[in-house]
Amino acid sequence: MLNNIYNIFFIPEIFLACSSFVCLLFGLFLKKNAFRQTSNLAVFVLLLTILLVYYDSESNFANYKSLFSHSSFINFFKILALLGSIASIIISKDYFLGIKLKNFEIPVLFLFSTLGMMLMIASNNLMSMYLAIELQSLSLYVAAAIKRDSISSAESGVKYFILGALSSGILLYGFSLIYGFTGSMNFNEISFYLSKYDNLNLGLIFGLVFVMVGLAFKVSAVPFHMWTPDVYEGAPNSITGFFAIVPKIAAVALIYRFCLVPFENFYLEWSQIILFLSIASMFLGAIAAIAQSNIKRLLAYSSIGHIGYILIALVAANDDGIKAASIYMFSYMIMNVAIFAILLSLKVKNEYLINISDLKGLSKSNPIVSLSISIIMLSMAGIPPFIGFFGKFYVFIAAIEQELYVLSVLGVLASVISAFYYLRIIKIMYFDESISEGIINFQISFQSKIILSLSLFVIICFIFYPSLLINISASLTI
Amino acid sequence: MIDWPLVSVIIFLPLIGALIILFIKEDELTSINIKWAALLTTLGTFILSLILWLQFDYSNPSYQYEEKFSWFDDFNFFYHVGVDGISLFMILLSTFLTPLCILASWNNIKKRVKEYMLSFLFLETVMIGMFASIDILLFYIFFEAVLIPMYLIIGIWGGNRRIYASFKFFLYTLLGSVLMLIAIIVMYRNTSSMSIEFLQGNYFSYNTQLFLWLAFFASFAVKIPMWPFHTWLPDAHVEAPTAGSVILAGVLLKMGGYGFIRFSLGMLPEATEFFIPLIMTLSIVAIVYTSLVALAQTDIKKLIAYSSVAHMGIVTIGIFLVNQQGLEGAMMQMISHGLVSAALFLCVGVIYDRMHTREIEFYGGLVQRMPLYATVFMIFMLGSVGLPGTSGFIGEFLVIVGAFKFSSYVVIGAAFGIILSAVYMLYLYKRIIFGTITNNKLADILDINTREKIILIPLAISVILLGIFPNLFLDPMRLSLELIITNYEIANAK
């Protein structure tokens, strides 16, 4: 029994929660360099949490079985989310110092939101799922509005909050319907209860639809995507980076688990919703991004498009689909880390880069940087030999395994459309004659440089040794 | 035989050269080092690829120099490369043309020499890799990766409308090839194999074949290009720098023909049988229509671009005759077109470098000032027309002989196209070369210099060599083509 009490602290979530408070106190009592020190501590804490997740065993978790679940899929996504937060804290450090936003609360907020995401991924109960989502979102609402003297940041925070609260309300309503009709909040029990029936009754259908709407909002799938471009645009760049990299991982894992655990037997019911969300996201993401002049809005639409592809793998709903989702999410995270590592270090006339057209002439002044951006863009567009291609490739394998031919063809067509705006960025850097040479400068700290080089290395060299990631993702069970 | 991985070395040598160039700092003085590094790498690759030919076993119809390594653990995807009679000359064509391209851009590429050479070396790696792949996924990766360097080459070093042309090129060909990706996955799902060798055994039901065939057709018809999917080609050719046009016409168009032989004929024989009338119709329309369009062009490069579409029409006719003469003719026509059109673009490049215009009106009477140029140009012009003794003749002759077995209407169409090709090429030659010099700006134009001789003379020699000793080229490919035809006939006899 005594043994168990100590063991509690080795449960990654509990460890992370306690350490987050420690970080908060640590930052509070530091006089100088509070932001920098807290960030470093936060990175260290997250690294330890990764170790704990990696060595986490089922026995530690026994007491929380009804609330949280434990599987290789969950662990994979937890580690992905943790890696994403580590990377985004490191790459955003210099940016925050650069815009003189030195609140030590920022890394702490990131920690709390990461904690929320870990709980989200693991949740096995409607109640714990809702609480985890709220913990995650509340930290992010504050983070979006953290630059108090900036109107756009406040606007994005409020917008995010209002729409987030609305979607949480819808989500809760759905939960209450599901609870009312099945009599349980636990995923496995709901599944067991539903297995007795061939059809969902009307109340459950409504419940399912409401929950899907709420979750679609969290993954920002069309038509519940409206907040994404605005929030991305308004928030400080580094917060946008965090938004783009991490919460999507958790939300995707959650939507997978929600569809595949409690409602696994009602594929027809939810797959129609997901099918529509997927097609709409791919095409809207591809088409709306074409007209953007702000790089953050462009990346917002690009992430909407990527969500569409991940949802294809969910429609496939087979083992290949889970594998595809994990590979795609990994590649998505790596590509976003790389592009934000660059964006957070690029300055045009001493302002951080916002407009795509300011990239003009980058290939002359910074050939290596522009080469890197091109590689990331081509990878996002899904052009081989980069990692983005393999993400899409596995998604289509999963879809065709399930004979979703029309969906696959629509998917590849959307990828051709989206190739256009990725190419446009390359065009601006390489083809357009620059009139303003030497205005852009690229300053990157040593730590971000390591993150950037590592992610570029993965993007380029994945093709030479794909089995490492693929064997892991092939072994995942939901 | 050779016990070291020759094919892989040939594939990746240019990439290694590119990595070396990446670390040479570029400025006024060192750009010459970059050029030399690129030239030596590509020459080395060419010499190595000659070993492929010399050591080639003529009596073996299947793949030689095979290398196979496990690549993806979860699926049966392998790094599997090798060379057979069909891919041998495609690889040789790529390795032969790339050093010439580097030489052709020696002086006229002044900005971003480093990136230019990197693009070309990367392009060479993916071109060779594509022809040497025996695994379809590997093939697809190389097939798509070709777009990246070509997009940059057209977009950065191209002409005035380069951005439009580069986007059109990229998106058009991407649209075709993504459908092929779906087809590849469907094939894998049905057979659990990605080996090109294995899949050439007719494993698919008739209806599946029809869909797969259309998906592959979308990709290769855009690439080769067939009428009406050819509209990207004139734009891409006109806007690309000379060397870009050379590679585009010389090698990239052959990817379509190569794909038709390997995939459509080899893997989907019953569907091919069904679609032959469609292909024949499109090809004849392509030959006649684009020849007429070529006749009306005022831009030399555009004229040659349209003539490429017409020549590729002869290739598709030859391929889909599916008999020995037809396929051999198509292969010969592809090799010949690779040399001749590449050379014609280089010839255009020679006068473009001097006068910076490609308008036919501008020129006239060049023979007065550039006799050597006129001679070399004539060889290639006649090669394009298909005069006996040049490479063009062999291909066209074999295709027409093969076509007699199929239908005399096809023969009439093809022959009409050949006549038209003589019309527009001779007319072009007359307007540029003959007559007296009317334009004062041409009064002191210089004849081709040593560098240009080094580029053009090997091409001229090979055009004539191909015309006089066609068996040198036909013998190695004969058995591989026979194998495809036999498989095809067995499948359709069922």
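Helices here are DSSP runs of H or I with at least four residues, strands are runs of E with at least two, and both are numbered from the N terminus. Keep in mind that you are looking at a predicted model. The predictor gives the complex an ipTM of 0.90 and a pTM of 0.92. Chain B averages a pLDDT of 89, with 99% of its residues scoring at least 70.

**Stop 1: a loop in chain A.** Select A:K100, which you'll find in the loop between α4 (72-98) and α5 (105-122) of chain A. This lysine is not a glycine, yet it has a positive phi of about 55°. Is A:K100 buried or exposed? It counts as exposed, because A:K100 has 7 C-beta neighbours inside 10 Å and the exposed class takes 12 or fewer.

**Stop 2: a helix to follow end to end.** Now pick α7 of chain A, residues 151-182. Colour the buried residues of α7(A), among them A:S153, A:G157, A:Y160, A:G164, A:I170, A:L171 and A:L177. What do the buried residues of α7(A) pack against? Show α6 (126-144), α8 (187-194), α9 (202-219) and α10 (227-234) of chain A and you have the answer. Just after α7(A), stop at A:G183, which takes a positive phi of about 80°.

**Stop 3: two cis peptide bonds.** Go to the loop between α9 and α10 of chain A, where A:P223 sits. The bond joining A:V222 and A:P223 is cis, with omega about 5°. Then jump to A:P385, in the loop between α17 (367-381) and α18 (387-401) of chain A. A cis peptide bond links A:P384 to A:P385, again with omega about 5°.

**Stop 4: the sheet.** Select β1 (residues 346-348) of chain A, which pairs with β2(A) in the antiparallel sense over 2 bridges. Click A:V348 and look across to β2(A) for its bridge partner, A:E351.

**Stop 5: where the chains meet.** Show both chains and highlight the contact: 25 residues come from chain B and 24 residues from chain A. On the chain B side, α5 (136-145), α6 (147-157) and α7 (162-191) each supply at least two residues. Which helix gives the most on that side? It is α7(B), with 14 residues. Colour the side of chain B that touches chain A by residue type and you get 19 nonpolar, 1 polar and 5 charged.

**Stop 6: inside chain B.** Select B:A104 in helix α3 (residues 85-104) of chain B. With 26 other C-beta atoms within 10 Å, B:A104 is buried. Its contacts include B:T242, B:V246, B:L346 and B:I455. Draw a C-alpha to C-alpha distance from B:A104 to B:R451: they are 347 residues apart in sequence and 8.0 Å apart in space.

**Last stop.** Find B:V322 in the loop between α13 (300-321) and α14 (324-355) of chain B. B:V322 has a positive phi of about 45° although it is not a glycine. This valine counts as buried, with 22 C-beta neighbours inside 10 Å.

Conventions: Residues numbered from 1 in each chain as written. Chains lettered and ligands numbered in written order. Predicted model: local features only at pLDDT ≥ 70, side-chain atom pairs only at ≥ 80, totals over all residues. Pairing = 2+ DSSP bridges. Contact = placed C-beta atoms within 7 Å. Nonpolar A, V, L, I, M, F, W, Y, C, P; charged D, E, K, R; others polar. pLDDT = per-residue confidence, 0-100. Expected span 1.5 Å × (residues − 1). Buried ≥ 20, exposed ≤ 12 C-beta atoms within 10 Å, placed from the backbone. Lists of a residue's contacts leave out its neighbours within four places in sequence.
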